[in-house]
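The sequence and the structure are shown first.

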Amino acid sequence: MIRALSLLAGLSLAAVIAAAPAQAQQDPVAQRAVEGAKAYIKDKNLTNPKLTILLSSLYNNSFPDFTRKWEELTGVKFEIVPLGYTDIPAKVMQEGVSKTGVYDIFNDFPYTMPDAAGAKVILPMDDWVAKYKPDFSGIADGLKFQQYYDGKIMNMVNDGDHLLLAVRKDLLENAQAQAEYKQKFNKDLACPDTMQEWKRQAEFFKAKAGETRWGVKFEKDLYGALGYRSINFSYRHFPAYMKGLPFDKDMKPRIATPNGIQAIKDFAASVDDMPKDIQGWGTPQIYPFWASGQAYSAMSFPSIIGFGSSNPQSVIKGQQIACLIPGQTIDGQLVRRAPQAAGTGYMVSAYSKNPELAYLFIQWFTSPSIGDEAVAHSKGFWDPFRQSNLTDKAILDRFGEQMVKTTIENSKYAASLLLIEGNYEYFNILDKNLADVMNKNISAEEAGKRIEAGWNKVTNDIGLANQQRVWRKGVEQGIYLDKF
Amino acid sequence: MAETTTGFRIASGERRQLGALARLGKWLASERVFRLIPFVLVEGLFIVTILIPFLLTIWISLLKWRANRPFETAVFSGLDNYVGVLENDQFWSSIGRTFYFAGVAVALELLIGFFLAMMVTNCTRSKKLYTTIFLVPMMIVPIVVGYNFSMIYIDSGPLNQLLSPFLERFGIDPRIRWLSHPVAAQWAIIIADVWQWTSLTFLIFLSGFASLPKQLINAARVMGASPSQIFWRVQLPLLKPAIAIAVVIRSMEALKMFDPVVLLTFGGPGTSTQTVAYFLWEQVWQFNKFSFGAAASILLLILFSFLIFAGIFTIIKQRNAVAGGH
């Protein structure tokens with residue numbers, strides 16, 4: 001049976017790949033990139049053209065399928081240098097100092113872009129964008145504008161890694177649970193609209209191993225919530241709790257304001273509903289735990305739903321619902337913010353010998369047709385993010401219609417984390433102080449003061465005027481959705 | 001044009017060149033120069049690989065430069081970076097934590113390594129097998145050790161499963177948060193380091209035991225000394241140089257503790273497992289603060305140099321004492 005399924009999956013993949021050139025021909029964006037590459041090679045008289053990409057190793061099993069196809073279409077060979085995503089920013093910055101020219105393309109989170117742009121190790125793509133006309137239609141503003149730094153296109157994205165809420169369908173639709181919840185809170189049990197409601201549901205859906213609740217016997221403990229609370233991850237979730245921007249228009253931190261303090265408190269309080277060790281967990285722990293059926297809900301990258309559906313060990317297949325990110329009530333209005341917690345983008349190295357050729361590959365790969373193929377790739381980690389995903393059968397089959405629809409709807413609320421120079425240092429200061437509050441070492445108020453002082457120090461160290469200018473430009477453009 | 005003895009005609013310029021080469025060869029082969037060649041090569045290597053990078057580090061430490069700006073934009077800032085490092089609370093707390101980790105880990109490694117070496121020395125069967133087994137941890141790549149321990153430490157993982165019968169008896173929650181509780185995470189780092197590097201102290205002590213003069217021990221036995229007297233009065237004093245070497249080598253390494261921190265906790269939760277090596281790595285490779293990192297590394301070099309010289313002095317003193325005793 002497994003062999004038959006594997007064979008079927010293999011044949012489907014082969015069919016998808018084989019159909020690619022035909023699709024690309026129908027996609028003028030991809031076609032322009034291919035024709036542009038051929039013309040470039042001819043103009044420059046390149047005999048054995050090759051591009052090298054520094055690639056996040058997560059994509060090592062999927063990306064080569066696309067580079068092979070690119071080589072078939074254009075004759076441009078590819079060398080892939082895979083590296084763990086935590087090490088890529090340092091490698092990019094090293095290239096800024098050593099200027100070796102060994103890489104043509106860098107692949108990483110959009111958050112690597114500001115420092116790389118500051119160090120002039122990546123090139124703006126605006127001229128090529130004007131010449132070859134890529135298609136950014138159907139991409140929500142918060143995702144589209146994170147391709148820009150200081151008003152210039154420095155990075156092209158092909159991934160929607162904005163946070164959503166995954167909820168257990170069997171528990172949410174359990175008649176006994178619904179009745180009890182309604183009686184207790186005088187509200188119907190449904191996807192939570194606000195963070196407060198999510199907290200209430202997380203507190204409600206808890207059970208000890210061996211306990212029978214709502215007619216269900218729990219073999220293992222049931223936790224109300226899962227979320228990323230470890231160092232290097234907390235900062236990706238925190239903006240969902242923060243009402244509004246982290247800085248005012250003069251780059252003065254808003255973290256020590258009553259709103260900021262409350263966000264810290266709410267964020268820290270959420271760990272009470274999560275497994276005890278959650279502060280040490282990353283994706284390798286959270287995804288399997290979710291699939292093991294020991295949590296009612298998980299705020300996560302969208303791919304958690306795919307993991308819950310496809311992992312052989314999963315006990316929650318067909319028992320998941322994707323919900324929009326819960327929001328905050330601001331001046332009586334529900335405001336949702338789905339932080340773009342990761343995502344992958346592609347940047348052109350300033351030291352590439354053929355930067356235009358590198359750009360052309362990026363345009364081809366992020367074009368609607370090839371981009372959709374990537375999202376549908378069974379071994380990839382690209383998440384749905386553009387309108388065309390909604391009608392792509394392969395994507396719908398892979399992720400499920402409900403998840404794709406919710407993710408695309410959720411992308412309207414997708415907002416970037418900080419896209420200014422030194423962002424990893426700002427993030428780190430936030431993470432460390434959030435950890436101290438979660439461990440009850442310091443109060444939220446003290447953390448607010450420390451974060452404010454730390455952020456001000458980074459801002460002054462890099463240069464207040466530059467930071468203010470880039471921050472204001474980003475906010476005005478709509479990268480963060482919120483305005484001053 | 002002239003004709004050479006081999007019959008080839010060579011130009012006068014080439015002849016002059018050949019003559020110069022011959023003179024250079026003769027000069028290099030002379031007794032006065034030839035014996036200096038190895039030193040020149042070593043010095044050259046020292047200059048290229050150590051002195052120039054060291055001077056560059058000093059130069060960078062005197063600049064205001066983050067790598068998120070091109071190096072050409074760097075400006076001279078005097079001792080600002082040094083002042084910044086000395087005023088940085090995290091720098092000092094990470095130094096304190098490093099000494100704490102190193103102190104506890106090295107003490108445990110010495111005790112366990114010494115005990116294992118003593119047991120294996122006295123072993124009459126399967127000595128080679130035990131030696132091999134106890135040396136294995138040191139040979140495993142640190143990233144593998146880190147990954148294994150991250151699995152061992154997970155709150156529903158094997159370590160907590162093993163401990164739970166004992167902990168529950170005392171009313172302690174058996175789900176110890178090894179990687180997310182500030183104190184438990186520190187011990188998680190120490191245990192991982194002890195597991196991997198006890199092998200080294202074991203190896204040093206094993207060679208120490210093997211080199212003990214048999215005559216002295218036999219003489220003490222013949223004179224009626226008990227096994228404990230032989231250990232405390234004969235073996236232990238003779239093992240002092242080995243102990244000093246183990247302390248110095250392991251302390252020097254432990255003060256640079258980085259692998260288990262980055263592989264298990266990333267310095268967290270908060271900063272509770274942040275060692276000084278991790279602090280430096282973070283400042284330089286995560287935050288691109290090259291000048292600040294350069295200043296911090298120079299200050300650390302000065303601090304650690306004092307410790308290393310003290311350690312070397314101790315080794316020499318112990319060796320002389322043992323030699324004097326003979």
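## Contacts and burial in chain A

In this predicted model, take the contacts in chain A whose residues are at least 6 apart in sequence: 75% of them join residues at least 24 apart. Of the 484 residues in chain A, 53% are buried.

## Secondary structure and overall dimensions of chain A

Chain A contains 22 helices and 16 strands. Its radius of gyration is 23 Å, close to the 23 Å given by the globule rule for 484 residues, so chain A is as compact as a globular protein of that length. Along the principal axes, the C-alpha atoms of chain A fill a box of roughly 75 × 60 × 35 Å.

## Domains of chain B

Chain B is divided into domain 1, residues 13-50, and domain 2, residues 85-325. The C-alpha centres of domain 1 and domain 2 of chain B are 46 Å apart.

## A helix pair in chain B

Helix 5 (residues 89-121) and helix 12 (residues 240-254) of chain B have axes that come within 10 Å and cross at roughly 140 degrees. The crossing of helix 5 of chain B with helix 12 of chain B is right-handed.

Helix 5 of chain B contributes B:Phe101, B:Ala102, B:Ala105, B:Val106, B:Glu109, B:Leu110 and B:Gly113 to the contact. From helix 12 of chain B come B:Ala246, B:Val247, B:Arg250, B:Ser251 and B:Ala254. By residue class, the contact between helix 5 and helix 12 of chain B has eight nonpolar, two polar and two charged residues.

Conventions: Residues numbered from 1 in each chain as written. Chains lettered and ligands numbered in written order. Predicted model: local features only at pLDDT ≥ 70, side-chain atom pairs only at ≥ 80, totals over all residues. Helix = DSSP H or I, 4+ residues; strand = E, 2+ residues; numbered from the N terminus. Rg over C-alpha atoms; globule rule 2.2 N^0.38 Å. Buried ≥ 20, exposed ≤ 12 C-beta atoms within 10 Å, placed from the backbone. Contact = placed C-beta atoms within 7 Å. Domains from an automatic or database assignment. Axes fitted to C-alpha atoms, helices over the stretch in contact; angles between N-to-C directions. Left-handed = near helix turned anticlockwise from the far one by under 90°. Nonpolar A, V, L, I, M, F, W, Y, C, P; charged D, E, K, R; others polar.
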